[in-house]
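Have the structure open as you read.

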Amino acid sequence: MVEQTVLDWLADYSSLSSNEVHTFASTVHQNSEVISALYAVLEDRQKYNELVGPVCTTLFEFYRSQEAELKRFTLIFLPTLIYVYLNAVAHGEKKSCRGVEALLLGLYNLEAVDENCQAQNVSFRLPSLAQSSIYHEPMSLAPASLTESALRRLEECNTKLVKWGPFSQLEKILSQNRASVMTALLFIYNQHISSLQKHCMDQLCKVTSKLVTQGFNKPGKRMSYSNDVPRVLPRIPVSPKFLLEILHSLYYSIFNGDSGLALQAVDDVHNRASYQGYTEVLLVTSAIKNSTSHAYSGQLTDNPMGISLAISPQTTSTVVSKSIITNASFRTKKLPDDIKARRRFTF
């Protein structure tokens, strides 16, 4: 069933004319049967070995096309492709995964240069209190000690930019550049993550948990039984920068996908970072776990972009009148004669 579905999908695309590609691109994300079949082919590449090559070639053609929907369709499978490739390398089966490796290398080389074939460089500024943003204005800071000039002197990040790249194009993926290539691909994935569907987030979390827990003493992850002989699964090497890019995706998935799967994946990354001694990764995982511990208590408003904002209850300020009441405000007043007479007869 899976094989026939993929074959029909490949045949349909190859028979399209140039005028029909746009219509095909607008409906490709709605075919859940094809997406599930492609996941099955990539994850069980030994069973569907003859289909892996044509599928990778078609996905690369999608990414090179002018249709944004086709490019986004290829990105759906990027986390799975990265896991399949790294898992094959860990098992010493790199030669049997040439199609996946060529696809990943092609995606990396396409993003390493811009439209003019120049090395691409992406830079952005970290948020700072000294510079205005969509959340605040520096002049609105009440205390005199937090003026704009004072903040500029205190915060060094105003003069520093975070840069991605430039990267040079590569001819092959080697052990020396494998970690940087996989990290760059995840960075590309995170740039488009807001346009992906929920099932992509769920698949990302499942792949992440398998990637960081394989080879460790965890139920269902340590032993693989083949012909009644237990075999230890090899651990997949990961770098700190690679795990940090994964955490960007997982944090978004907490608010836009299955929160249970995403939080479990964060725990798995935290445990792997603890084992490896990656302090920068532990800092981020601890921050995510602490910030999401009360995310579903009803006190936070969850933004679809994955940012939780605590909204304080609305308060009304009491306006004090300028005319303050003092002892001088009470003045003696002469009582009427009939009241005086009544008081005299009473006593």
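## The largest cavity

By class, 9 nonpolar residues and 1 polar one make up the lining of the largest cavity, with no charged residues. Here Ala, Val, Leu, Ile, Met, Phe, Trp, Tyr, Cys and Pro count as nonpolar, Asp, Glu, Lys and Arg as charged, and the others, Gly among them, as polar. The residues doing the lining are Pro-79, Ile-82, Tyr-83, Leu-186, Leu-204, Val-207, Thr-208, Leu-211, Phe-242 and Ile-246. Two or more of them come from each of α6, α10 and α11 (240–256), and α10 gives the most, with 4 residues.

A cavity is a set of points, on a 1 Å grid over the protein atoms alone, where a 1.4 Å probe fits but cannot get out; lining residues have an atom within 4 Å of a point.

## The whole protein

| Property | Value |
|---|---|
| Secondary structure | 14 helices and 6 strands |
| Buried residues | 37% of 347 residues |
| Accessible surface | about 21400 Å², 54% of it from carbon and sulfur atoms |

Helices (H or I, at least four residues) and strands (E, at least two) are DSSP runs numbered from the N terminus. Buried means under 20% relative accessible area (1.4 Å probe, protein chains only), and accessible areas come from the Shrake-Rupley method with a 1.4 Å probe.

Helix α3 (residues 32–43) has 12 residues and spans 17 Å from first C-alpha to last, close to the 16 Å expected at 1.5 Å a residue. That expected span is 1.5 Å times one less than the number of residues. Val-34, Ile-35, Ala-37, Leu-38, Tyr-39, Val-41 and Leu-42 are buried in α3, and their cover includes α1 (2–14), α4 (49–64), α5 (68–76), α6 (78–90) and α10 (198–213).

Now over to α7 (residues 98–112), where you'll find Asn-109. Why does Asn-109 count as buried? Because its relative accessible area is 15%. Setting aside neighbours within four places in sequence, Asn-109 is in contact (heavy atoms within 4.5 Å) with Gln-169 and Leu-170.

## Reading notes

Residues are numbered from 1 along each chain as its sequence is written, and side-chain values use heavy atoms, leaving out hydrogens and water. In this predicted model, local features need pLDDT of at least 70 and side-chain atom pairs count only at pLDDT 80 or more, while totals for chains, interfaces and linings use all residues.

Technical notes
Buried means under 20% relative accessible area, exposed over 50%, partly exposed in between (1.4 Å probe, protein chains only). On a 1 Å grid over the protein atoms alone, a cavity is a set of points where a 1.4 Å probe fits but cannot get out, and a pocket is an open set with protein on both sides within 12 Å along at least five of seven lines; lining residues have an atom within 4 Å of a point.
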